[in-house]
Amino acid sequence: MPEQDDWEREFDHRWARSAEHKEPSARARMLAARWKENPPAPVPFRADPGPAPRRSSWVSTAVVLGCVAVVIVLLGYAQMRSSY
């Protein structure tokens, strides 16, 4: 049964969280080393995203109507094929 105890310990999160020393992740170590040489510039909490690109309303309408037409044609084709 010692093998079963090792298996349970491997996936026991309480045991892992109670460790005295917790090593930072590889990404945290990489960023710490990078920022030591070149610290990042301060960024506002909610930066202005800038103006959103505008599409013409007719483009959106054409896309929607095209999709509806394709669905109608496919449904009609499927119904025609099933009647044979």
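E23 is exposed, with a relative accessible area of 59%. Exposed means over 50% relative accessible area, buried under 20%, and partly exposed in between (1.4 Å probe, protein chains only). R29 is partly exposed, at 40%. These two residues form a salt bridge, with their closest N and O atoms 2.9 Å apart. The term stands for a side-chain nitrogen of Lys or Arg within 4 Å of a carboxyl oxygen of Asp or Glu. Side chains of opposite charge can pair when their charged atoms come close. A search of the whole structure finds 1 salt bridge.

This is a predicted model, where local features need pLDDT of at least 70 and side-chain atom pairs count only at pLDDT 80 or more, while totals for chains, interfaces and linings use all residues. Residues are numbered from 1 along each chain as its sequence is written, and side-chain values use heavy atoms, with hydrogens and water left out.

Now the fold. The protein chain has 4 helices and 0 strands. Its pattern along the sequence is α-α-α-α. Helices (H or I, at least four residues) and strands (E, at least two) are DSSP runs, numbered from the N terminus.

The average pLDDT is 82, and 83% of the residues score at least 70. pLDDT is the predictor's confidence in each residue, from 0 to 100.

Next, the loop between helix 2 (13-17) and helix 3 (26-37). K22 is found there. K22 is exposed, with a relative accessible area of 54%. Setting aside neighbours within four places in sequence, K22 is in contact (heavy atoms within 4.5 Å) with A16 and R17.

Helix 4 spans residues 57-82 and includes I72. I72 is exposed, at 56%. Together with V64 and V68, I72 forms a nonpolar surface patch of about 270 Å² accessible area. Patches take residues with over 30% relative accessible area and no salt bridge; like charges are joined within 9 Å, nonpolar side chains (Val, Leu, Ile, Met, Phe, Trp, Tyr) within 5 Å.

Finally, the whole surface. Of the 84 residues, 1% count as buried. The protein chain exposes about 8,800 Å², with carbon and sulfur atoms supplying 61% of it. Accessible areas come from the Shrake-Rupley method with a 1.4 Å probe; for residues, only the protein chains shown count as cover.
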